[in-house]
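Look over the sequence and the model below before starting the exercises. Each exercise gives a task and then a worked solution.

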Amino acid sequence: MRRTGLLILYVVATAIALGGVGDLTIRALFEVHKRFLGTADVPAATTSLILHLLHALGGGLVGIGIASFALVHFAVRRGERWALWTMLAAVVASEGANAVGMYAVGSFWYVSVTYIVLTAIGVTLLVAAKPKA
């Protein structure tokens with residue numbers, strides 16, 4: 001159980017960071033953004049604002065992913081229970097906000113919810129596992 005829980009948390013932390021990198025590389029609005037705005041002819045200022053907000057979100061997700069990876073690697077592996085709850089809180093807050101925003105515009109919100117669920121599963125497995133000797 002412990003190994004599986006650690007593996008899940010490592011994978012989720014990496015996926016969150018890589019997802020943030022993906023957000024940082026967006027250079028044009030997606031069709032879902034244009035559909036939400038109700039026009040294919042989006043003003044340059046609006047496009048710029050949306051892209052800057054996506055990049056800011058991406059930077060935050062990279063930070064959460066790196067911090068989560070560090071928590072797992074340096075604290076969770078040593079049996080520090082506080083690190084489990086800290087990671088869970090950070091992932092729920094960041095990916096929860098991401099999911100709400102993505103849902104509102106009709107985007108792939110279920111990816112963020114999947115990260116939350118996987119983090120909760122990883123934490124549950126580690127809490128249920130025998131404490132590290």
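The model is predicted: local features need pLDDT of at least 70, side-chain atom pairs count only at pLDDT 80 or more, and totals for chains, interfaces and linings use all residues. Residues are numbered from 1 along each chain as its sequence is written, and side-chain values use heavy atoms, with hydrogens and water left out.

**Exercise 1. Describe the chain as a whole.**

Step 1. List the secondary structure, taking helices (H or I, at least four residues) and strands (E, at least two) as DSSP runs numbered from the N terminus. The chain has five helices and zero strands, in the order α-α-α-α-α.

Step 2. Along its principal axes the C-alpha trace spans about 60 × 20 × 20 Å.

Step 3. State the burial. Of the 133 residues, 39% are buried, where buried means under 20% relative accessible area, exposed over 50%, and partly exposed in between (1.4 Å probe, protein chains only).

**Exercise 2. Describe how α1 packs with α4.**

Step 1. Helix α1 covers residues 2-24 and helix α4 residues 81-105; they pack at an angle of about 35 degrees, with axes 12 Å apart. Axes are lines fitted to C-alpha atoms, for helices over the stretch in contact, and angles run from 0 to 180 degrees between N-to-C directions.

Step 2. Name the residues in contact (heavy atoms within 4.5 Å). From α1 come Leu9, Ala13 and Ile16; from α4 come Leu84, Met87, Val91 and Glu95.

**Exercise 3. Which residue forms a salt bridge with Glu31?**

Step 1. Apply the rule: a side-chain nitrogen of Lys or Arg within 4 Å of a carboxyl oxygen of Asp or Glu. The count is one salt bridge.

Step 2. Identify the partner. Glu31 pairs with Lys34, with the closest N and O atoms 4.0 Å apart.

Step 3. Explain the positions. Glu31 and Lys34 are separated by about one helical turn because they are three residues apart in helix α2 (residues 31-37).

Step 4. Glu31 is exposed at 54%, whereas Lys34 is partly exposed at 22%.
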